[in-house]
Amino acid sequence: MIQPLAYIHPQAKIADNVVIEPFVTIHKDVEVGEGTWIGSNSVIMDGARIGKNCRIFPGAVVSAPPQDLKYKGEPSTVTVGDNTVIRECVTLNRGTALDKNTTTIGSNCLLMAYVHVAHDCVIGDNVIIANSVQLAGHINVYDHAFIGGTSAVHQFVEIGAHSMISGGSLVRKDVPPFTKAGREPLSYIGINSVGLRRRGFSAATINEIQEIYRIIFLKKYNVTKALDIIEAEFKPTVERDEIVNFVSNSQRGIMKGFGI
């Protein structure tokens, strides 16, 4: 299933049933899981660890050296989980020794055309990143998050699980889980209720999440006071604790509330 016009380094580890189209280049320190398809003119560089049943479209570059002046050529990796789709001209940079030494893309993700994921990012499972999104280094994107097209995300930002960021956003602050973010500067515009219903969250859970975020974003409390009220008034649940832990551990601070 490997076309004769592709170049595969003889020491690359290619599993069974991998399809490699013409003009693909695969370097030495590469592992590709079974059932993966790699489209023409893709380049898979040293350090790539690609899972099963992935689809990598033409022009993608996986595991290029990081665009970081502190990088000194040390070995590092990019890991791509199973069933992930990497569309045309996506660029994934490997990690650096000064941080995680790897860049990680989860399983069942969709990275649309021209997405850039910089060094030491961690992308969770079932994440969708739309066309031309640019992720700087050291960013964490948690499971089931959606980032709208042409958005740019500042280094070290955290994007919470089940959140949704509107297209064209400049993401300079952390985006808590279950929320929708938009406007400029980036602000809270509600919870991602449609996405939560699609993923099986109950009406009661969705309502509780909404009440928690009213306290954080709409009541004009400072963050410390809001968290104290939430912990006093809401019983511990998985969702409540996820919100509290995310907000209290935010290093860059969370996005603005509506009208603040």
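Which residue in β27 is the bridge partner of Thr-179? The legends below take this up first.

View 1. The model is predicted, with local features needing pLDDT of at least 70 and side-chain atom pairs counting only at pLDDT 80 or more, while totals for chains, interfaces and linings use all residues. Residues are numbered from 1 along each chain as its sequence is written, and side-chain values use heavy atoms, leaving out hydrogens and water. Ile-191 in β27 is the bridge partner of Thr-179. Strand β26 (residues 179-182) and β27 run antiparallel and are joined by three bridges. Strands here are DSSP runs of E with at least two residues, helices are runs of H or I with at least four, and both are numbered from the N terminus. Four residues lie between the two strands of the hairpin, where Arg-183 takes a positive phi near 70°.

View 2. Two strands pair if DSSP finds at least two bridges between them.

**View 3. Strands β18 and β21.** Strand β18 (residues 128-129) runs parallel to strand β21 (residues 146-147), and two bridges join them. Ile-128 stands opposite Phe-146 in β21.

View 4. Four of the five residues of β27 (residues 187-191) are buried, so the strand is largely enclosed by the rest of the structure. Buried means under 20% relative accessible area, with a 1.4 Å probe and protein chains only.

Definitions and conventions: Buried means under 20% relative accessible area, exposed over 50%, partly exposed in between (1.4 Å probe, protein chains only).
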